[in-house]
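Trainee: Walk me through this one, please, and tell me what stands behind each label.

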Amino acid sequence: MNKRFFNVGLFDETGLEEHTVKSLRLVILGVAFGTISFNINGGVAMTGYLTSLGASDFTFGLLYAIGPLAAPLQLLASYILERTRKRKSIFLAAGIIQRMSWLPFGLVPFFIPMDQPVLRIWTASLFLLTSACLVPFVNVTFFSLAADLVPMNIRGSYFAVRSRIATMFGVAGGILTAWFLDAFTGANSYAFVFSLAAAAGTLDIICFFGVKFPEMAKKPAGEKPEKFTAMMSGVIKNKGYMKFIIFMTLWQFSVNLSGPFFLVYLKNIVSMSNTLITVLIQILPSICSIIAVKRWGRAIDLHGNKSIMHLSAGILSVAPFMWIFVPANIIAAPVIVIISLMQGGLASGFDIGVNNIMLGHAPKENRSMYIAVYFMATSMLGVGAANAAGGWLLENIFSIFERFELVILGVRMTRYNYIFALTAVLRCAMIYIALPRLIREENNTPVRELLRIGYERVKYIGKIITKNTGRIM
């Protein structure tokens, strides 16, 4: 399998040295294993597990916020990286420990008695905190590596291929996880899936033992290493990059305000099985992404990041409004299918654009600090604060609205529907108001021109179909 993998042409290898090609392929393989782990830790298994431990809506939101609230460690990780230049050692050590922490996390019910739910929650929180404190070191070193390893001229298509293969692995892992959670119940099922997450995550890091890490840019001879404050000052003074960070923080907040609660809604209100939830929420959009992501990568290389982000997320902004009207009956599945098709077909265009701007717009000097500030802001405020705020709103504000028993288009509005409505409005504001004003990038095809090109292609395909249909008739 590995031999085939290394002999297949996955991306444009023109002019690349053999060790670079091997490293780029190992990164793809590692991220593919990592996707299995990420899907388990952020999917229906986590929702069911935390609920089984006794977490309320607010506690649920807080537990989800633990990881993002550890984001200030991004700055420490970057500072250590820039001072020591030991990128590979930091990545491998932090990565192995962080991935393996999911093993004891899934075993909490086996060493904390059932009659001590508070202690169970605290113990699970401890392992979540351990993982969260190490993620910044993994993120900073990985994206610093990616910026130096992946040639600029193939970044769009390379990250598209990486995303495509990783998604395939994620689909396989998602199906296995969902089936196991439905086929087996209780603590044993969660112990198995989180053990799988630990194993797949560890394989992810092991792949990087074979990656040739490029040397980081060295300071001129005799020049002293910059102090932490000087590194931070350089990032803050870069107005273009700071506007990008502000936009992404606001965007992430609008998404994650309700992000963890879609699965809770489907499981507890709509009463869907784990398998059906996984198929609709993870597998279906993943399959669409596999089909679409390579095209988005090429489109970004041709038309620019900002325009593709605006186009893809602009169309996708319709989806959150549809969540408001997902009913607690058999009609729910078809509505979610439509949402998932939109999510899978469009989200990768936005994500690749964000990835390119984050890496490409940060200068080579102290690049890891730019990446660290980005992740700190988006994780703490865009994810952690949003998760906690969402949980608080559900328990203290929207639970009051729920008592009015309002029915809209046949859907009885629960507290979850109200938070879906709020996030829908915020996401539209981010795409149509904030994005054009906060992100600056040269050489982008105007969105209006992209729409014209898309219309012409659809029109052309329509003519071909009509012509062929006429011949058959």
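**Cavities, pockets and labels**

Mentor: Let's start with the second largest cavity, which has a volume of about 60 Å³. Before you ask: this is a predicted model, where local features need pLDDT of at least 70 and side-chain atom pairs count only at pLDDT 80 or more, while totals for chains, interfaces and linings use all residues. Residues are numbered from 1 along each chain as its sequence is written, and side-chain values use heavy atoms, with hydrogens and water left out.

Trainee: What makes something a cavity rather than a pocket?

Mentor: On a 1 Å grid over the protein atoms alone, a cavity is a set of points where a 1.4 Å probe fits but cannot get out, whereas a pocket is an open set with protein on both sides within 12 Å along at least five of seven lines. The volume is the space filled by probe spheres set on the points, which are joined across faces, edges and corners. Searching the whole structure turns up two cavities of 30 Å³ or more.

Trainee: Which residues line the second largest cavity?

Mentor: A lining residue has an atom within 4 Å of a point. That gives N39, I40, G43, V44, A45, G173, G174, T177, A178, T278 and Q282. Two or more of the lining residues come from each of α2 (18–41), α3 (44–52), α10 (155–183) and α15 (274–303). α10 contributes the most, with four residues.

Trainee: How do you know what counts as a helix?

Mentor: Helices are DSSP runs of H or I with at least four residues, strands are runs of E with at least two, and both are numbered from the N terminus. By that rule the protein has 22 helices and two strands.

Trainee: What classes do the residues of that cavity lining divide into?

Mentor: Four nonpolar, seven polar and no charged. Ala, Val, Leu, Ile, Met, Phe, Trp, Tyr, Cys and Pro count as nonpolar, Asp, Glu, Lys and Arg as charged, and the others, Gly among them, as polar.

Trainee: And how much space lies in the largest pocket?

Mentor: About 630 Å³. It has 19 lining residues, and the closest to its centre are R295, W296, A299, L311 and R457. The lining takes at least two residues from each of α15, α16 (305–316), α18 (332–360) and α22 (447–472). By class it has 13 nonpolar, three polar and three charged residues.

Trainee: Is M152 buried or exposed, and why?

Mentor: Buried means under 20% relative accessible area and exposed over 50%, with partly exposed in between (1.4 Å probe, protein chains only). M152 comes out at 55%, which is over the 50% cut-off, so it is exposed. You'll find it in the loop between α9 (117–149) and α10.

Trainee: Why does E402 get its burial label?

Mentor: Its relative accessible area is 15%, under the 20% limit, so E402 is buried. E402 sits in helix α20 (residues 398–402). Leaving out residues up to four places away in sequence, it touches R412, M413, T414, R415 and Y418, where contact means heavy atoms within 4.5 Å.

Trainee: What about S101: buried or exposed?

Mentor: Buried, because 7% is again under 20%. S101 lies in the loop between α6 (87–100) and α7.

Trainee: What makes the Y49 and F105 pair edge-to-face?

Mentor: Rings of Phe, Tyr and Trp (its six-membered ring) pair if their centres lie within 6.5 Å; planes under 30 degrees apart are stacked, over 60 edge-to-face and the rest tilted. By this rule there are 29 aromatic pairs. For Y49 and F105 the centres are 5.1 Å apart and the planes 70° apart, so the pair passes the distance test and lands in the edge-to-face class. The pair links distant parts of the chain: Y49 is in helix α3 and F105 in helix α7 (residues 102–106), 56 residues apart. Y49 is buried, at 1% relative accessibility, and F105 is buried at 1% too.

Trainee: How do you know whether the protein agrees with a compact globule?

Mentor: The radius of gyration is taken over C-alpha atoms, and the globule rule is 2.2 Å times the number of residues to the power 0.38. For 473 residues the rule gives a value near 23 Å; the protein has 23 Å, so the two agree.
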